[in-house]
Amino acid sequence: MASIRERAAALNLAEKLCVRPQGGRGVAAGKPAAGPQSSSLWSGLISHLRASVTVKRRRVHLRAHGDCFLGSEAVDVVTEHVNHAKDLEGASVSRDKVVSVCQALLECNVFEAVGTKGFGKDKKQDVFQDSKSSLYRFVNVHMPSVDELERGVLGNGIQTLFCSAPSDRQDEQTRPTGSTPVELPAMSTTASRPDARVTAGLSVEAVERQSRSPSKVQTDSVLPPSLVEEVWHEQTLLRLLNLVELPLLEGLLQCSQTPSSPRPSHPLSHNNPDLIHSSNHLDRQILKAFRDTQEDEWLCAALDCLDFLSDQPVVELSRELPHCFPQDQEEGCDRVPAAGSQDGGKRSDQRQCAGSVIPSLCDCDDSDEPRRSQSGLAQWKLLLYRTLVKHYGHADRPPLLPQHMTDVYAAVTDLLVNAKLDKALEALQLCLKLLPPGCRDELRRLLTFMTLAADHQAMKLDKEMENRLAVQTSFSRAIVHSKALSKESEDLLVVFMLSNMKEIFKIPGALHKGVSEKLASLVQGKQPDVTASPLRFVSKEELMETAKGLSNMALAHEIIVNPTFQVKPTELPEGSFERRVKEIMQKAFWDVLEEQLKDDPPCYDHAIKLLAEIKEILLSFLRPCHDRQRSSIEEVLDLPLVRQQAENGALDMGRLSQFVIRMMGLLCAPSRDEDIDKLKDITDVVPLFKAIFSVLDLMKLDMANVALSSIRPHLMQQSVEYERNKFHQFLEKQPNALDYTEKWLEEAVKYLRESGRDGSGAASSDPPPLLPVDIHNHAYLRLLRWDHSSDPFPETVLMDQARFQEMQQEADRLVLLSSVLLIVYTTTGEAISGLPGLMETLKSTVNVMLADMHTPSFSAEEALATIGEKLCVELSQCLSQHGYSPLSADRRGILMGQISATVQPDNTVHKLMDSRVQTYLLASLESSQHKSPPPLPGGLAPVGRELTELAVHFSRLVNFNKLVFSPFYQKILQSMLTAEEAGGTET
């Protein structure tokens with residue numbers, strides 16, 4: 001086996017490890033080294049181009065293309081950046097030079113030309129066009145290496161293109177011809193490769209950060225990086241939530257708090273040349289150099305994944321490399337020069353010496369060498385594959401896709417199942433965008449290798465299965481694995497990622513556009529409100545605790561507000577999944593009990609447990625004064641005695657069941673006597689136990705309702721303080737829990753300002769300050785005109801939304817009823833004004849037709865037309881009975897037309913009666929504290945009883961809400977009115 005020293009000599013590592021004097025300049029093969037300065041120039045240019053160019057939908061030759069930018073605009077943006085770049089001061093900038101830079105970016109797949117059709121032919125240029133008719137689209141997020149960018153016209157570097165460097169040329173001219181050029185120490189294994197995804201001195205995180213800084217005007221110098229990162233994260237989350245529905249946001253929000261995975265740190269990932277290089281790093285450098293000489297994509301992708309492995313498997317791979325090419329090593333070792341030879345710096349000798357380890361560079365005349373090299377290459381590939389399988393197939397290794405985002409993965413698989421491939425792809429792109437940069441880079445490299453290895457034309461990986469199945473079996477667990485996902489869902493997600501490998505790591509155009517617009521608005525002065533409370537992560541425990549507190553508050557509120565509230569048994573829907581599961585489980589339980597009792601001898605284990613539960617329930621029904629019943633239950637249902645009787649075969653289940661039935665009859669409510677009598681007719685033990693537990697459940701509900709009725713008076717005394725405290729606790733955990741309430745009160749204030757009302761309702765040119773009680777009353781009255789389908793209900797009255805909606809429907813019914821009756825009596829005249837019973841008859845007829853007026857199938861036009869016909873018939877009959885002439889055809893037509901017209905919102909009669917109903921309800925609120933009901937307005941006498949009941953219920957609900965939430969209302973109104981007064985004073 002070749003030693004470390006020999007392999008280092010073969011790779012000319014001695015020169016790379018030499019320490020050169022400070023101030024020198026490293027050159028390799030006559031080309032200036034691409035240092036951090038050149039890297040920063042390219043990364044800054046690409047970031048500025050991504051940020052500043054306008055990406056939108058464009059139309060060329062009557063065909064639309066999405067997420068595109070113009071070639072001429074890209075030249076303008078690059079020109080602007082070069083003119084302002086600090087490292088290119090005094091540069092000579094021309095459009096031809098800038099076009100050369102754009103051509104390099106096009107060739108490195110930073111962006112691609114968008115195919116357009118001209119005269120029936122597809123045009124997709126390989127040459128960059130400085131034209132307004134040439135469209136381009138960004139492709140990748142990663143940064144290409146400097147070696148990839150600086151080729152051809154840019155071979156001497158971007159700085160040399162735009163501005164000359166005399167000092168550099170002088171150094172090259174005055175350098176002695178015999179001196180050995182020395183390269184700078186290696187930055188990192190990733191930065192040194194010709195096709196690396198990042199440049200030397202720049203980590204993946206840095207490139208991500210630079211490429212995610214879009215703005216229209218130099219956002220790097222205007223907005224802090226933390227704000228730019230926050231905007232990217234916020235827009236990604238918003239876009240993802242628009243695509244998929246998630247049951248909980250906990251896992252999605254947790255990704256913002258997951259620390260970024262650090263890039264693999266190797267011994268020479270520093271820039272200090274004085275530190276000693278370990279042999280582990282030399283092994284990595286050997287594999288890196290071997291990878292740089294290969295053109296096999298399969299091999300390069302596998303070697304790329306080694307950056308994320310620990311040192312031990314990498315060292316083992318490096319030391320197995322010579323064994324895969326034994327004859328190459330023997331022939332090559334004789335040609336390895338000494339580490340300090342002067343010829344070591346020559347490129348031809350480097351390539352010749354490296355043949356001891358890198359067979360593709362060994363210049364040998366042996367005709368059998370290609371066959372042996374191919375055999376060794378296959379052996380080396382198989383060794384690489386097994387190493388990666390061992391590393392990524394470990395059961396304790398966490399998957400690259402974090403488990404806290406399982407809900408997102410499930411949503412993506414649902415989209416795939418429903419054949420919504422475009423939405424699934426965008427959702428997956430957004431999901432991967434949320435990953436830490438290190439995790440995302442590792443996932444990209446692994447998926448790249450899996451895609452190449454799964455090809456059926458690639459090297460055979462397993463004798464018994466095809467490559468695709470072998471790769472999927474070996475690496476799927478390393479990509480996604482969660483107990484919440486089925487194996488089929490995991491496989492579907494992995495297959496979709498492999499099939500769309502070139503697309504899943506792109507940034508969606510909609511996200512790029514949203515971020516650009518957001519940052520542009522921030523740069524223009526629309527800064528976010530820094531005084532607002534920051535986003536805070538809420539754990540599942542806090543959510544459950546808050547939900548429990550709100551449930552308790554809602555239950556207490558229901559007990560107080562609804563005097564008929566009772567606990568009722570829960571009935572699962574017929575045929576529902578929950579009901580079927582419940583029935584299956586109960587049947588299985590009772591079947592087990594029946595089998596135990598039929599055994600010979602019988603087994604009473606389950607029966608004794610049921611007796612213990614029955615005993616506990618019966619004792620819970622007893623009050624402290626029921627001493628005799630308690631002692632009787634303890635004596636008969638003595639469980640140790642019952643168990644002893646069962647073991648000796650002396651247990652009498654009939655006697656115990658009769659005692660239980662008799663005790664239930666003593667403790668149950670009179671309404672359950674019939675159920676108790678039915679129990680006495682059952683003789684089989686298992687059906688009897690089932691019936692006993694069914695009746696006991698009903699008795700529990702009866703006891704709970706009795707307890708509610710007994711504690712309701714005491715609860716009413718404490719309910720106001722209890723609800724207020726609970727809501728205050730909720731408000732501390734959810735500071736924005738009064739947003740809709742503030743908007744509700746603001747609209748009430750706005751209405752009063754516009755109408756010019758004061759407390760008495762009089763208009764004035766200089767109205768007095770609004771009173772809080774007037775604002776409250778008009779705000780509550782507006783709840784009876786609420787659009788429940790579109791407007792969110794205020795938080796403080798949310799628990800009573802159903803009650804306010806019922807009151808609103810009742811008020812609408814009374815308005816329509818009173819409008820119809822007013823039209824009938826006005827049109828018919830005094831002939832029917834004093835007829836007894838006629839009003840109730842007409843009212844009953846209209847009520848029957850309006851009973852379903854708030855159902856979806858109700859048609860107001862048809863109902864009012866029918867009402868008009870029926871009322872005309874009844875009026876004619878009534879007039880004939882009392883000696884009056886029946887209604888003529890003209891009067892019938894007029895009456896029916898006026899009744900049908902009340903459905904129109906601008907109908908005069910309908911508007912009049914609605915205004916009077918609203919006035920009465922407002923007056924009832926204002927007079928509720930005086931305990932004197934207001935008088936009924938004119939025309940509402942036929943519905944006076946119903947309207948009075950509605951007003952009483954409305955006033956009670958409003959007054960209770962005022963008692964609970966008045967401190968919160970007072971604080972909102974105080975800040976609101978104070979702000980208005982301050983604004984008026986400044987004016």
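## A guided tour, beginning at a tyrosine pair

Begin by selecting Y780 and Y969, both of which are buried. The model on display is predicted, and the values quoted along the way are computed from it.

**First stop: the rings around Y780**

The structure contains 23 aromatic pairs. Y780 and Y969 make up one of these, in an edge-to-face arrangement with 6.5 Å from centre to centre and 75° between the planes. Colour the two helices concerned: Y780 belongs to helix α34, whereas Y969 belongs to helix α40 (residues 944-986), so this pair ties together parts that are 189 residues apart in sequence.

Next, select W786 and F793, which also form an edge-to-face aromatic pair, with 5.5 Å between the centres and 75° between the planes.

**Second stop: helix α34**

Show the whole of helix α34, residues 772-782. How many of its eleven residues are buried? The number is eight, so α34 is largely enclosed by the rest of the structure. To see them, select D774, I775, H776, N777, H778, A779, Y780 and L781.

Now move to R782, whose side chain meets that of E747 in a salt bridge, 2.9 Å from N to O. R782 lies in α34 and E747 in helix α33 (residues 739-755), so the bridge ties together parts that are 35 residues apart in sequence. R782 is partly exposed, having a relative accessible area of 30%. E747 is likewise partly exposed, with 28%.

Select R672, located in the loop between α30 and α31. Which residues does R672 contact, apart from its neighbours within four places in sequence? They are L698 and D702. With D702, R672 forms a salt bridge in which the closest N and O atoms are 2.7 Å apart. Since D702 sits in helix α32 (residues 685-733) and R672 in the loop between α30 (653-667) and α31 (673-679), the bridge ties together parts that are 30 residues apart in sequence. Buried is taken here as under 20% relative accessible area. D702 therefore counts as buried at 18%, and R672 counts as buried at 18% too.

The salt bridges of the structure number 29. For another of them, select D441 and R444, whose closest N and O atoms are 2.5 Å apart. Both residues lie in helix α21 (residues 437-453), where they are three residues apart, about one turn of the helix.

In soluble globular proteins, nonpolar side chains tend to be buried together. The largest nonpolar core of this model has 76 residues. Select L401, L443, L447, F449 and I479, the residues with the most contacts inside that core. Centre the view on L443, leaving aside its neighbours within four places in sequence; the residues in contact with L443 are then L400, L401, L432, L435, I479, M497 and F505. Another core lies apart from the largest one and has 74 residues, among them L731, V749, L835 and L922.

**Last stop: the surface**

Finish on the outside by selecting F577, V581 and M585. These three form a nonpolar patch on the surface, and their accessible area together is about 330 Å². M585 is placed in helix α26 (residues 577-598). Is M585 buried or exposed? M585 is exposed, with a relative accessible area of 57%, in contrast to the buried Y780 and Y969 with which the tour began.

Definitions and conventions
Residues numbered from 1 in each chain as written. Predicted model: local features only at pLDDT ≥ 70, side-chain atom pairs only at ≥ 80, totals over all residues. Heavy atoms only, no water. Core = buried A, V, L, I, M, F, W, Y, C linked by side-chain atoms within 4.5 Å. Buried < 20%, exposed > 50% of the residue type's maximum accessible area, 1.4 Å probe, protein only. Contact = heavy atoms within 4.5 Å. Salt bridge = Lys/Arg side-chain N within 4 Å of Asp/Glu carboxyl O. Helix = DSSP H or I, 4+ residues; strand = E, 2+ residues; numbered from the N terminus. Phe/Tyr/Trp six-rings, centres within 6.5 Å; stacked < 30°, edge-to-face > 60°. Patch = residues over 30% accessible without salt bridge, like charges linked within 9 Å, V, L, I, M, F, W, Y side chains within 5 Å. Areas by Shrake-Rupley, 256 points an atom, 1.4 Å probe, with all protein chains shown as cover.
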